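This briefing is arranged by topic for a reader who has the structure at hand. Please keep the sequence and the three-dimensional view open while reading.

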Amino acid sequence: MGKRIMHVITDSNIGGAGRLLLAFLKEYDRSAFDVEVVLPQGSALSAYIGALGVEYTELPNMAESSFSWNGMSVLYHFIKMRQPDLVHTHASLAGRIGAKLCRCKIVHSRHYCVYPPSRRSTRFPFKQAAGFVNHFFSHAIVAVASEVKKGLIETGTRAEHIALIPNGVTPVRKLSADEKATVRGRFGIKPDDFVVTQIARLSEVKGHDYTLDTAKILAKDSSIVVLLAGDGPMEAHINQRIADEKIKNVRMAGFVSDVDEIFGITDVQINASFTEAACLSLLEGLSAGVPSVATHVGGNPQIISHGKNGLLVPVRDAQAMADAVLSLKKDTALYQKLSAEAVADYHANYHASKMTRDIESLYRSILS
């Protein structure tokens, strides 16, 4: 039997942390590690984890909550009963505390980036308090991007306590011609349309208002369609703008469980975020050879190298976004160059197997 690893994740839906966990579970060395996952009751991740043949348990009082007294109690008793060698938490302070009380080794993944951090969080006593929590309740913190690491250091975590392990994703599956035609038909997209896609939760920080402004500029070219994939709190607002402003070149895909289908019909991916850590959709786009136009913010410039594997534009600048998309549509040589570099960059740096080997190496280091 391998070393017993317990992952604790609080997501009820399949977000970025859940997608990364699934990528890890597909790739980890089952001869060296015995992995189980703890989830909230009714989590959408359960079926996918079960399909991979990985043991999982759903527990109450932990959904979408980093900490609650009831959640900590449930997790403490479960960890004590299972006695793993190491607990790897995702957005669960309760899980870290429970693991600490059970004297387990602890790894915590920091998946998001609120950067720059608030002025208060970088000063006494808040900086020292945050640093104490991170050091006392973990043996290492995984930062998924250098911007995340930078933010952790500025808010009190020592650099040597942080393992920088960039996100990795499984490669996007290529669609057949018939599959592409079916997906295009589902969204009312003609065979020769040039498809510009944004795959992101419909929340304010993802910049969808600027995407709609971009779509209005791109509407001068009747062959360009903008496809928005995702759901979230901004959905009603976005639909209202589309109706009120008669933005006819935008399609709403809603939540998409199979992003391979979306990438299969995408010519250019856009990321209009105001803040970003290490966007999984950008990584998936690299694997598919889909050039991206992304805002120059957070972790985006570490994934997208301007003029090499994609294009970067200023944040909140719809005209710059539209100009970049049009340049990719018009310049075939540039498009092909960025597409080829995107695939090469993915295989060199962002494949799920590389991320998984790095995480396993961290486990071995801590357990030894």
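Ser12 sits in the loop that connects strand β1 (3–9) with helix α1 (16–27). The model that places it there is predicted. With a relative accessible area of 17%, Ser12 falls under the 20% limit and therefore counts as buried.

**Surroundings of Ser12**

- Leaving aside residues up to four places away in sequence, Ser12 touches Pro40, Gly42, Ser43, Ala44, Leu45, Ala63 and Glu64.
- Between Ser12 and Glu276 there are 264 residues of separation in sequence, while their C-alpha atoms are 21 Å apart in space.

**The six-stranded sheet**

- Six strands form an open sheet in the order β10-β9-β8-β11-β12-β13, and their pairing is parallel.
- At the edges stand β10 and β13 (310–313), each of which pairs on one side only.
- On average, neighbouring strands of this sheet are turned by 20 degrees against each other, if direction is ignored.
- Within the sheet, β8 and β11 run parallel and are joined by two bridges.
- Thr197 stands opposite Gln269, a residue of β11.

**Helix α8 and its buried residues**

- Helix α8 (residues 208–218) lies across β8, β9, β10 and β11. Relative to β9, α8 runs at about 165 degrees.
- Which residues of α8 are buried? They are His208, Thr211, Leu212, Thr214, Ala215, Ile217 and Leu218.
- An α-helix has 3.6 residues a turn, so residues three or four places apart point the same way.
- The buried residues of α8 pack against the strands β8 (194–199), β9 (224–229), β10 (250–254) and β11 (268–271), and also against the helices α9 (235–244) and α13.
- His208 is part of helix α8. Its relative accessibility is 1%, so His208 counts as buried.
- Residues up to four places away in sequence are again not counted: His208 touches Gln198, Ala200, Arg201, Leu202, Ser203, Leu228 and Ile238.

**Helix α14 with α13**

- Helix α13 (residues 318–330) and helix α14 (residues 332–350) have axes that come within 5 Å and cross at roughly 100 degrees.
- The two helices, α13 and α14, are therefore roughly perpendicular to each other.
- On the α13 side, Ser327, Leu328 and Lys330 take part in the contact, and they meet Thr332, Leu334, Tyr335 and Leu338 of α14.
- Sorted by class, this contact of α13 with α14 contains four nonpolar, two polar and one charged residues.

**Helix α14 with α11**

- The crossing of α11 and α14 is left-handed.
- From α11, the contact is made by Leu283, Leu286, Ser287 and Ala288, and from α14 by Ala342, Val343, Asp345, Tyr346 and Tyr350.
- The residues in the contact of α11 with α14 comprise seven nonpolar, one polar and one charged.

Notes. Residues numbered from 1 in each chain as written. Predicted model: local features only at pLDDT ≥ 70, side-chain atom pairs only at ≥ 80, totals over all residues. Heavy atoms only, no water. Axes fitted to C-alpha atoms, helices over the stretch in contact; angles between N-to-C directions. Helix = DSSP H or I, 4+ residues; strand = E, 2+ residues; numbered from the N terminus. Parallel < 35°, antiparallel > 145°, perpendicular 65-115°, else oblique. Contact = heavy atoms within 4.5 Å. Nonpolar A, V, L, I, M, F, W, Y, C, P; charged D, E, K, R; others polar. Buried < 20%, exposed > 50% of the residue type's maximum accessible area, 1.4 Å probe, protein only. Left-handed = near helix turned anticlockwise from the far one by under 90°. Pairing = 2+ DSSP bridges.
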